[in-house]
Amino acid sequence: MAAILGNPATVDAFKAGIPGNGKPFPNGAKIAKIHWDPAKNESAPGQPLVPKSLHDVDFMVKDSERFADGGGWGYAVFEYDTATATFRPGNLTDHPPQANDAKCGAACHTIAAKQDYVFTVYPNR
């Protein structure tokens with residue numbers, strides 16, 4: 001279960017048709033993705049899935065000069081430890097493995113190169 005958030009530069013880019021129009025996101029675009037482990041709410045009608053516990057938080061920052069070797073994006077992931085209520089940087093024992101550098105998401109996102117390395121779509125409203 002996830003929520004995907006963007007700063008105003010990201011939202012404005014989506015509203016302008018990026019990346020579907022073939023243009024890249026502007027420098028300064030930022031995306032955060034919060035993952036939770038889901039659980040059924042047994043007492044609610046239809047037993048919907050609801051967030052159970054925080055799993056991790058991922059970040060993407062567009063800076064085409066600083067992160068030129070990662071498609072213009074820098075990446076970060078922080079795993080949440082429920083026992084201590086703290087975050088730690090992703091590492092190579094995680095699934096998927098995450099090196100502790102700004103390229104940790106670059107390998108996965110190469111399959112979305114035609115969408116400026118972004119999987120998320122902005123739905124019509």
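Which residues line the second largest pocket?

**Figure 1. Overview of the predicted chain.** This is a predicted model, in which local features need pLDDT of at least 70, side-chain atom pairs count only at pLDDT 80 or more, and totals for chains, interfaces and linings use all residues. Residues are numbered from 1 along each chain as its sequence is written, and side-chain values use heavy atoms, with hydrogens and water left out. The chain has 2 helices and 5 strands, in the order β-α-β-β-β-β-α from the N terminus. Helices (H or I, at least four residues) and strands (E, at least two) are DSSP runs, numbered from the N terminus. Along the principal axes, the C-alpha atoms fill a box of roughly 45 × 40 × 25 Å. Of the 125 residues, 30% are buried; buried means under 20% relative accessible area, exposed over 50%, and partly exposed in between (1.4 Å probe, protein chains only).

**Figure 2. The second largest pocket.** Its lining consists of I4, L5, G6, T10, V11, F14, I31, T120, V121, Y122, P123 and R125. The elements that give two or more residues to this lining are β1 (2–6) and α1 (8–15). The volume of the second largest pocket is about 160 Å³. On a 1 Å grid over the protein atoms alone, a pocket is an open set of points where a 1.4 Å probe fits, with protein on both sides within 12 Å along at least five of seven lines; lining residues have an atom within 4 Å of a point. Grid points are joined across faces, edges and corners, and a volume is the space filled by probe spheres set on the points. By class, the lining has 8 nonpolar residues, 3 polar and 1 charged. Ala, Val, Leu, Ile, Met, Phe, Trp, Tyr, Cys and Pro count as nonpolar, Asp, Glu, Lys and Arg as charged, and the others, Gly among them, as polar.

**Figure 3. The largest pocket.** This pocket has a volume of about 480 Å³. Among its 25 lining residues, K33, H35, D58, Q98 and H109 lie nearest its centre. Two or more lining residues come from each of β2 (30–40), β3 (49–62), β4 and α2 (106–109). The most come from β3, with 5 residues. The lining of the largest pocket divides into 13 nonpolar, 7 polar and 5 charged residues.

Figure 4. T10, A13 and F14 of α1 are buried. They lie on the same side of α1 because they cover an arc of only 100° around the axis, taken from the directions from the helix axis to the C-beta atoms. The buried residues of α1 pack against β1 and β2, where contact means heavy atoms within 4.5 Å. P8 and K15, on the other side of α1, are exposed. After α1 comes G17, with a positive phi near 100°.

**Figure 5. D116 in the segment after α2.** D116 is found in the segment after α2 and is buried, with a relative accessible area of 9%. The D116 side chain reaches the backbone nitrogen of F25 at 2.7 Å. Not counting residues up to four places away in sequence, D116 touches P19, P24, F25, K62, G71 and W73.

**Figure 6. D81 in strand β4.** D81 lies in β4 (residues 73–81) and is partly exposed, with a relative accessible area of 34%. A polar atom of the D81 side chain lies 3.1 Å from the backbone nitrogen of A83.

Conventions: A polar contact is a pair of N or O atoms within 3.5 Å; within protein, one must be able to donate a hydrogen and the other to accept it, and residues adjacent in sequence count only if both atoms are side-chain atoms.
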